[in-house]
Amino acid sequence: MTRIRSSATRRRPAAAADSTPPDASAAATPPPPAARAAPRKRTAGKPLHGSAEAPRRARLMNAKQAGDFIRALADANPAPETELHFSSPYTLLVAVALSAQATDVSVNKATATLFLEADTPEAMVALGEEGLARHIRSIGLWKGKAKNVIAMSRLLIERHGGTVPADRAALEALPGVGRKTANVVLNVAFGEEAMAVDTHIFRLGNRTGLAPGKTPRAVEDALVKRCPPDLLRDAHHWLILHGRYVCKARMPECWRCVAIALCNYGDKVRVPPSR
Ligand code: SF4
């Protein structure tokens, strides 16, 4: 559901790299028109279509276009669900907290055994950091996450009687819980119209012109403003799934995109690359 992947940065334009003058007098000479127009070089291993850190931005969609874009994704998947496995607000909170910089598949694998031993804050505190670590060692940043989940479980018991609060401020006061995690819990566990912006939604908002923004919060605010009200509850799922499986970071698969006619990205990939 929510994962962050780092990607390589974009490469300096080839013309600038290749025309570095050997001395000051050469530097004063403007490059010939052909050199100025030289195309950007691309390198294997580098993102061709921007990344979460440096997404390419497209022209802003108009309001109708933005609504139609999300509606096209909704029509293609009327009942979207999170891909994380959970059985209660607490297990959802733990799963989301574990999912930073990890795939949902790896989190589900870890929680399949973890939740058999501990699926309440009380059982998690009893299991302890070392016991928890046995289940989550295969997940990135597991040491910090183990600390946070135990501390979070303790605070849930002390402040909230062992239940997960349906309140943003109370959620964000828990160790390891930021705005994105709180939004996922508020949306999925409590049915609120909260928009959790992860790396996929951040990229999608900028790349397509749907909701451009320099920060996840700016993209979140733009999406909440531009999403048709009747779709706001599930828009988070549609956008994440679209970014994860179709509008991928390294290369968007525009040839199979249901919203291609509405997207403003200027570098669409209309034909699958030959293998
Ligand atoms: S057309 Fe391409 S870039 Fe635009 S949303 Fe679809 S997959 Fe992404």
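**Starting from one residue**

Author: Ala-97 has 22 C-beta neighbours inside 10 Å, so Ala-97 counts as buried. The cut-offs are 20 or more other C-beta atoms within 10 Å of its own for buried, 12 or fewer for exposed, and partly exposed in between, with C-beta atoms placed from the backbone. This is a predicted model, where local features need pLDDT of at least 70, side-chain atom pairs count only at pLDDT 80 or more, and totals for chains, interfaces and linings use all residues. Residue numbers start from 1 along each chain as its sequence is written.

Reader: OK, where does Ala-97 lie?

Author: Ala-97 is in helix α5, residues 89-98. Helices here are DSSP runs (H or I, at least four residues), strands are E runs of at least two, and both are numbered from the N terminus.

Reader: And what is Ala-97 in contact with, leaving aside its neighbours in sequence?

Author: Beyond four places in sequence, Ala-97 contacts Lys-145, Asn-148, Val-149, Met-152, Gly-176, Val-177 and Thr-181. A contact means that the two C-beta atoms, placed from the backbone, lie within 7 Å. There's also Val-107, 10 residues away in sequence, with 9.7 Å from C-alpha to C-alpha.

Reader: Zooming out, how many helices and strands does the chain have?

Author: The chain has 13 helices and zero strands. Of its 275 residues, 40% are buried. Among contacts with a separation of 6 or more, 64% are between residues 24 or more positions apart.

Reader: What does the chain average for pLDDT?

Author: The average is 84, and 80% of the residues score at least 70. pLDDT is the predictor's confidence in each residue, from 0 to 100.

Reader: Which residues stay under 50?

Author: That's residues 1-43, where pLDDT stays under 50. For that stretch the model has 56 contacts beyond four places in sequence.

Reader: Switching to helices. Why is α11 called largely enclosed?

Author: Because 10 of the 10 residues of α11 (residues 199-208) are buried, this helix is largely enclosed by the rest of the structure. Those buried residues include His-200, Arg-203, Asn-206 and Arg-207. The cover over α11 includes α12 (216-226) and α13.

Reader: What comes just after α11?

Author: Gly-209, which takes a positive phi of about 85°.

Reader: And how many residues of α10 are buried?

Author: Nine of the 10 residues of α10 (residues 179-188) are buried, so α10 is largely enclosed by the rest of the structure too. Among them are Lys-180, Thr-181, Ala-182 and Asn-183. What covers the buried residues of α10 includes α5, α9 (168-172), α12 and α13.

Reader: Back to phi. What about Gln-101?

Author: Gln-101 has a phi near 55°, a positive value in a residue other than glycine. Gln-101 sits in the loop between α5 and α6 (104-117). It is partly exposed, with 15 other C-beta atoms within 10 Å.

Reader: And Leu-141, what phi does that one have?

Author: A positive phi of about 60°, although Leu-141 is not a glycine. Leu-141 is in the loop between α7 (121-136) and α8 (142-160). With 13 other C-beta atoms within 10 Å, Leu-141 is partly exposed.

Reader: How do α4 and α13 cross?

Author: The axes of α4 (residues 63-76) and α13 (residues 232-245) come within 10 Å and cross at roughly 80°. That makes α4 roughly perpendicular to α13. Axes are lines fitted to C-alpha atoms, for helices over the stretch in contact, with angles from 0 to 180 degrees between N-to-C directions. Under 35 degrees counts as roughly parallel, over 145 as roughly antiparallel, 65 to 115 as roughly perpendicular and the rest as oblique.

Reader: Which residues meet there?

Author: Ile-70, Leu-73 and Ala-74 of α4 meet Asp-234, Ala-235, Trp-238 and His-242 of α13. By class, this contact has five nonpolar residues, one polar and one charged. Nonpolar covers Ala, Val, Leu, Ile, Met, Phe, Trp, Tyr, Cys and Pro, charged covers Asp, Glu, Lys and Arg, and the others, Gly among them, are polar.

Reader: Last one: which residues are closest to the ligand?

Author: Cys-247, Pro-252, Cys-254, Cys-257 and Cys-263 are the closest of the 13 residues around the ligand. To count as near, a residue needs its C-beta atom, placed from the backbone, within 6 Å of the molecule or strand. The shell has nine nonpolar, one polar and three charged residues.
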